[in-house]
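Here is a friendly briefing to read alongside the model.

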Amino acid sequence: MGDLPPANTRRWVARRKAAVVAAVESGKITLEEACRRYQLTEEEFRSSQRAYQNHGLAGLRATRVQQYRPSTAPRPRRPRR
């Protein structure tokens with residue numbers, strides 16, 4: 001588990017998320033163990049997993065969330081002044 005981020009990780013950059021997803025997918029660590037170790041919910045992990053599978057490392061970047069993840073509802077437009 002030397003390639004995994006430390007358990008006390010607070011700043012989640014794309015490559016750290018990818019390392020955890022890859023470790024779970026390869027069987028190095030279980031989903032339950034990853035969630036417990038990194039204080040994640042299963043949905044948080046699954047969201048990262050889907051983004052990585054669909055868009056690669058770029059899908060895990062926080063600045064790309066709006067571009068890669070579907071919105072839940074259209075945002076109402078503001079009236080022009």
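This is a predicted model: local features need pLDDT of at least 70, side-chain atom pairs count only at pLDDT 80 or more; totals for chains, interfaces and linings use all residues.

Residues are numbered from 1 along each chain as its sequence is written, and side-chain values use heavy atoms, with hydrogens and water left out. The protein has four helices and zero strands, where helices (H or I, at least four residues) and strands (E, at least two) are DSSP runs numbered from the N terminus.

**Overall fold**

- Read from the N terminus, the order of elements is α-α-α-α.
- The protein has 81 residues, and 28% of them count as buried; buried means under 20% relative accessible area, exposed over 50%, and partly exposed in between, with a 1.4 Å probe and protein chains only.
- Among contacts (heavy atoms within 4.5 Å) between residues at least 6 apart in sequence, 45% join residues at least 24 apart.

**Nonpolar core**

- The largest nonpolar core has 11 residues, including Leu4, Val20, Val24, Ile29, Tyr38 and Phe45; such a core is a set of buried Ala, Val, Leu, Ile, Met, Phe, Trp, Tyr and Cys residues joined through side-chain atoms within 4.5 Å.
- Helix 1 and helix 2 (31–38) are the elements that give two or more residues to this core.
- Leu4 is in contact with Ala19, Val20, Ala23, Ile29 and Tyr38, leaving aside its neighbours within four places in sequence.

**Largest pocket**

- The largest pocket holds about 190 Å³ of space. On a 1 Å grid over the protein atoms alone, a pocket is an open set of points where a 1.4 Å probe fits, with protein on both sides within 12 Å along at least five of seven lines; lining residues have an atom within 4 Å of a point. Grid points are joined across faces, edges and corners, and the volume is the space filled by probe spheres set on the points.
- Of the 10 residues that line the largest pocket, Lys17, Leu40, Glu44, Phe45 and Ser48 are the closest to its centre.
- Helix 1 (14–26) and helix 3 (42–55) each supply at least two lining residues, and helix 3 gives the largest share, four residues.
- The lining comprises five nonpolar, two polar and three charged residues; Ala, Val, Leu, Ile, Met, Phe, Trp, Tyr, Cys and Pro count as nonpolar, Asp, Glu, Lys and Arg as charged, and the others, Gly among them, as polar.

**Loop residues to look at**

- Gln39 sits in the loop between helix 2 and helix 3 and has a positive phi of about 55° although it is not a glycine. Most residues other than glycine have a negative phi. Gln39 counts as exposed because its relative accessibility is 61%.
- Lys28, in the loop between helix 1 and helix 2, counts as exposed at 53% relative accessibility. Not counting residues up to four places away in sequence, Lys28 touches Asp3 and Ala23.
- Leu60 lies in the loop between helix 3 and helix 4 (65–68), and is buried because its relative accessible area is 2%. Not counting residues up to four places away in sequence, Leu60 touches Ala14, Lys17, Ala18, Ser48, Ala51 and Tyr52.
- The C-alpha atoms of Leu60 and Lys17 are separated by 7.1 Å, with the two residues 43 apart along the chain.
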